[in-house]
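User: I have a structure open and would like to walk through it with you. Could we start with the sheets and then go on to the helices?
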Amino acid sequence: MKSEFPDPFEEARQDSGLGHMDDQNDPVAMILRHKDVRKTAHNWKTYQSGAIPGRIVVPSEVNIRDIRQIPFEVDPPLHKDFRNLLEEWFKRPNKEVYQEKLTHQISTLIDDVLKKDTTDVVTDFALKLQSRALTLLLNTPYIESETFISWGTHVFRSEGDNLDASKANVLYDYLDKKINEARENIGEDLYSVLLQAEVNGKKLTHDEIKGIMILTFAGGRDTVINAVTNTIAYFAEHPESLLDIQKNPDKINRAVEELIRYFSPLTHMGRVVTEDAQICEHAIKNDTRVSLCWASANRDETVFENPNEVNFDRKMNPHVAFGFSHHNCLGATHARQVMRILLKLLANKITSISILKSRENIEELGEFRRKIGFHELIAKFTN
Amino acid sequence: MAEITFITSDNEKVVLEANSGNVMQLAVNNGVKGIDGDCGGVCSCATCHVFVAEKDLNKVGKASSIEADMLELADDANEFSRLCCQIEISDDINGVELTIAKQ
């Protein structure tokens, strides 16, 4: 099945609880069990995010950026001050007017693909959907989405998946320009809000604003694209599930949480260890890296019954696909609304999706290979 | 019919009535401040953390093991903590008082 996403971590999770991968000579011990992942995420003193910028990301971005992503690469208590500043803005997707606009965007996009003989779901559907929805999150003009679409599916990676500093510069130059424009002409977009904001009685610097914006762009890019693409693949092969949602729209919330658990669009996120420690009886050395493997935790058989099955009727679903504890995903409210509205509209507008061709996107993670999504998914939508 | 009192972090009292559903959904539908219910009630986000008044602990009951694991790592959780998405509304919880945890 094209929409099957196997769990490559099962054996290692059960046997030792840790996996290992090298990453540009800065190895990563991957934490695989649900309980260990949550505990480690919670313990910010021993497992820090505020290391050298780029080091907690796997693959490491230390060699391609100096700028700190905020609040993602900041530890408490300063982390909380930035979160407090941003929280209200990033909860706007819960408002009705935001949802109406998002519904209009996604509805138009579905109507467009229904008119086509074939659609590459990655570039002609998910990338467009993500880029257009981002204009709502930033409260910038819709036309900006054309620029975001032109950047392709990953803001930091080139076609070969290698880290690419020149591609990152495209985003950085764009952000410099937008922040400077907003400074000259304060409006109602996120740049303007940040330019006027204070944290601990001080205005934000240009680089702090840029760090927040980079996170907003990068964090929600390939994650949302993969979640949307994989969801289309899933419903192509499970038309009965789409019918189920059409008949029982009150299942949408649970269905979204379950799909996000199953796909886990972000495999893992790193932390830098600040003192010698132990995780499930393994010694972890100071100044090394661990990663919180959300994807493995979300298939932990001690927490989820039949973890490799997609089940929209799961009542309790304590997944960690949006991370866990104080660093949980700032864009989760937006991502959840994107997914909820997408499911509702697909159920109402689509009767079948046929996959004509696909090319899987496989992550290489040391001893593991994980399917994360698709490089290409050619499909035909029918109403 | 159950009457439920929410006490917000501003010490404001909000009294709501309902017959069914869960407490988180009731609070979200009525815009009670401090209850976000981001995950829609599947016990994955802890944005509906409340403290149950001591007198009402028996009425509301205990957290399941999945909920208790979640609360174990929530900031400022104590023996009165519950995630209110896991509290079903029925006549049994009529009159309960829930203080909303700060996020």
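User: What is the order of the strands in the open sheet of three strands?
Analyst: This is a predicted model, and in it the three strands of that open sheet follow the order β4-β12-β11 in chain A, with antiparallel pairing. The edge strands are β4 (119-120) and β11 (352-365) of chain A, each of which pairs on one side only.

User: How many bridges hold β4(A) and strand β12 of chain A together?
Analyst: Two bridges link β4(A) to strand β12 (residues 368-382) of chain A, and the two strands pair in the antiparallel sense. If you want a place to look, A:Thr119 stands opposite A:Ala379 in β12(A).

User: Which helix packs on that sheet?
Analyst: That is helix α10 (residues 222-237) of chain A, which touches β11 and β12 of chain A and whose direction makes about 65 degrees with that of β12(A).

User: OK, new sheet. What order do the strands take in the open sheet of five strands?
Analyst: The order there is β1-β2-β10-β7-β3 in chain A, and the pairing is mixed. At the edges are β1 and β3 (47-48) of chain A, each pairing on one side only.

User: What do strands in a sheet pair through?
Analyst: Strands of a sheet pair through backbone hydrogen bonds, and the pairing can be either parallel or antiparallel.

User: Which strands does helix α2 of chain A lie across?
Analyst: Helix α2 (residues 34-42) of chain A lies across β2, β3, β7 and β10 of chain A, and its direction runs at about 120 degrees to β10(A).

User: Now helices against helices. At what angle do α4 and α14 of chain A pack?
Analyst: Helix α4 (residues 96-114) of chain A packs against helix α14 (residues 332-349) of chain A at an angle of about 45 degrees, with their axes 10 Å apart. That angle makes α4(A) oblique to α14(A), and their crossing is right-handed.

User: Which residues of α4(A) and α14(A) meet there?
Analyst: On the α4(A) side they include A:Leu102, A:Ile106 and A:Ile110, and on the α14(A) side they include A:Val338, A:Ile341 and A:Leu345. By class, the residues of this contact of α4(A) with α14(A) divide into seven nonpolar, four polar and one charged.

User: How do α4(A) and α5(A) cross?
Analyst: The axes of α4(A) and helix α5 (residues 121-138) of chain A come within 10 Å and cross at roughly 160 degrees, and α4(A) and α5(A) are therefore roughly antiparallel to each other. The crossing is right-handed. Among the residues that meet are A:Leu109 and A:Val113 in α4(A) and A:Phe125 and A:Leu129 in α5(A), and the contact of α4(A) with α5(A) divides into nine nonpolar, one polar and four charged residues.

User: Last pair: how far apart are the axes of α10(A) and α14(A)?
Analyst: Their axes are 11 Å apart, and α10(A) and α14(A) pack at an angle of about 25 degrees, so these two helices are roughly parallel to each other. Residues that meet include A:Val228 and A:Phe235 in α10(A) and A:Met339 and A:Leu346 in α14(A), and by class this contact of α10(A) with α14(A) has nine nonpolar, one polar and no charged residues.

Terms used
Residues numbered from 1 in each chain as written. Chains lettered and ligands numbered in written order. Predicted model: local features only at pLDDT ≥ 70, side-chain atom pairs only at ≥ 80, totals over all residues. Axes fitted to C-alpha atoms, helices over the stretch in contact; angles between N-to-C directions. Helix = DSSP H or I, 4+ residues; strand = E, 2+ residues; numbered from the N terminus. Parallel < 35°, antiparallel > 145°, perpendicular 65-115°, else oblique. Left-handed = near helix turned anticlockwise from the far one by under 90°. Contact = placed C-beta atoms within 7 Å. Nonpolar A, V, L, I, M, F, W, Y, C, P; charged D, E, K, R; others polar. Pairing = 2+ DSSP bridges.
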